[in-house]
Number of protein chains: 2
Amino acid sequence: MDTADIAQKIISGDRRALARAITLIESARADHRTQAAALMEALKSAGKQAVRIGLSGTPGVGKSTFIESFGLMLTAQGLRVAVLAVDPSSARSGGSILGDKTRMERLSRDPAAFIRPSPSQSHLGGVARRTREAVALCEAAGFDVVLIETVGVGQSETVVAEMSDLFVLLLAPAGGDELQGVKRGIMEMADLILVNKADGDLKPAAMRTCSDYAGALRLLRKRPQDPEGYPKAMTVSALQDEGLHRAWDEMTALVNWRRDTGHFDGRRAEQARYWFGQEVRQGLLARLETPAARATMQDYAARVAAGEMTPTIAAAEVLRQIDS
Amino acid sequence: MDTADIAQKIISGDRRALARAITLIESARADHRTQAAALMEALKSAGKQAVRIGLSGTPGVGKSTFIESFGLMLTAQGLRVAVLAVDPSSARSGGSILGDKTRMERLSRDPAAFIRPSPSQSHLGGVARRTREAVALCEAAGFDVVLIETVGVGQSETVVAEMSDLFVLLLAPAGGDELQGVKRGIMEMADLILVNKADGDLKPAAMRTCSDYAGALRLLRKRPQDPEGYPKAMTVSALQDEGLHRAWDEMTALVNWRRDTGHFDGRRAEQARYWFGQEVRQGLLARLETPAARATMQDYAARVAAGEMTPTIAAAEVLRQIDS
């Protein structure tokens, strides 16, 4: 099937075409990569725009329950929701297709929802590109909201934040007044902090944690992309379906403000620049991964290790040989 | 002056030749880089080996006082000591030559000591290469001990550990039983933890901190390069000159064990491989820094930001143009 054909089917909302297109972009085969690049190019003018929400939460905060409840709340409003994941560790666990569908059973049966697990790639760069392209595919397919979740391993939060319009941090109630070791860098990326499990016995702890984070957020420097009073911290209970409408209201208010002030488009443009730079650097470094380059590298590494050459001279020689 | 001449002078212990050679390797000029690479190549067979000690400590732990006391203790034993630094932030503060000489006044006047501040470079990669080459120069010049200090900003500890035979973590006494927020990764790199300021009022706190760290070290997985009982935590007082001999005894015991078991040479070989890989990658990425490449990048980044091209297609085009 030719690219224009697939593109047309995706734009018309054909779910099977979408699923197969995502499989295509996840492939590492050279001919698939070429076809995928052409498909992305063909779809970029589809002119549809979803709200891309990045969601980070460590295991135990109730992320699956949140996504399920939040997703069902959105589809009940007539919105179409896609759920993607960035989880570089899923390559080792052999993918999480079964896991994703099982842990969000009701949402996965919802015809207005589309759930796709993290691509199985061993390095974050590969996961990032494929997820970024899957986001664009879902957007072209007319989804209103694309949720991109991550467990927050290593740099994966940055990757997700760089492909999202909104970055939401999901937390569990903490004991005492400690801030759960959330790194300052992650806090600074957050547009909304949601303290989940604000139900039953945990409700007081959730409210305390929320107020701690609200205080911490006020100490951060105001960002140009935020109206007064943002970013916010709120409590929710995904289990009891509480606070989810309010959280969505905050998200849409923030998105609307950013659309009106140009920050929404500005951020997307910045993100495109960022990914372009990443692609160039990764593409350049990929030249060291060909069998010939690997052999050359190994050869010179052995000489360097044996003290026959300095790293600098050996590196210059390798770079000269890769070019020729 | 030709390279063989400079090399000969350095090997014979000419301090001015050493200082000028370091200035040469710190230069970014292409002809200087070529000359520096030739010099390093000429010196690699000098066959002299120093003990390279990486020292990390945040401001306030008494690092300068420690280096001065420790350095003077070594020179009093007839050893020659060089002190280098990895501090990527020094580029912003305009270098710290005056600072380094002032804060280690007695050591800087000792004829058996050589102190050189961190090269002024804005990025860690540049600081790393230049410091690594300065270490090799000092080694060729016959220094017995090369101390490489870092304030521990970002990745600088890894950089220092990757060019050291021993990695020493200098800490201050902590209140209570908390572990001063030392990251697990840094703990795992340490060969010796020294809790400084074990004098006067702070002595009990220093001993408590030391015992906390000794406990934490025991929880880490045993590394093949360590004999039984290592890594260790000890208290010292740089101010009152206490524990420094004992610390040096531990260092030499560890170095001797590693020399006997082959781990010393093995680690140096691994480090050479590591730096070779870094040099190749940095050399490759440097191709994006030429004026022509920057102009091409800017051109395509603008198109990507405007939504005219996808990052993937634009990156492929840039990589094609850089080659031609």
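This short talk walks through the aromatic rings of this structure. Bear in mind that the model is predicted.

Start with the count. Searching the whole structure gives 8 aromatic pairs over all chains. One of them joins A:Phe66 and A:Phe70. Their ring centres are 5.1 Å apart. Their planes meet at 15°. Planes under 30 degrees apart count as stacked, so this pair is stacked.

Where do A:Phe66 and A:Phe70 sit in chain A? Both belong to helix 4, residues 63-76. They are 4 residues apart there, which means about one helical turn separates them. Buried or exposed, then, for A:Phe66 and A:Phe70? Both are buried.

Now chain B. Here I take B:Phe70 and B:Trp248. The ring centres are 6.1 Å apart, with the planes at 75°. Over 60 degrees counts as edge-to-face, so that is the label for this pair. B:Phe70 comes from helix 4, residues 63-76 of chain B. B:Trp248 comes from helix 11, residues 244-261 of chain B. The pair therefore ties together parts that are 178 residues apart in sequence. B:Phe70 is buried, and B:Trp248 is buried too.

Last topic: charges over rings, back in chain A. Which ring lies under the charged end of A:Arg80? It is the ring of A:Phe143, and the charged end is 4.4 Å from the ring centre. A:Arg259 has its charged end over the ring of A:Phe264. That distance to the ring centre is 4.4 Å.

Conventions
Residues are numbered from 1 along each chain as its sequence is written. Chains are lettered from A and ligands numbered from 1 in the order in which they are written. This is a predicted model: local features need pLDDT of at least 70, side-chain atom pairs count only at pLDDT 80 or more; totals for chains, interfaces and linings use all residues. Side-chain values use heavy atoms; hydrogens and water are left out. Rings of Phe, Tyr and Trp (its six-membered ring) pair if their centres lie within 6.5 Å; planes under 30 degrees apart count as stacked, over 60 as edge-to-face and the rest as tilted. Helices (H or I, at least four residues) and strands (E, at least two) are DSSP runs, numbered from the N terminus. Buried means under 20% relative accessible area, exposed over 50%, partly exposed in between (1.4 Å probe, protein chains only). A charge sits over a ring if NZ of Lys or CZ of Arg is within 6 Å of the ring centre and within 35 degrees of the ring normal.
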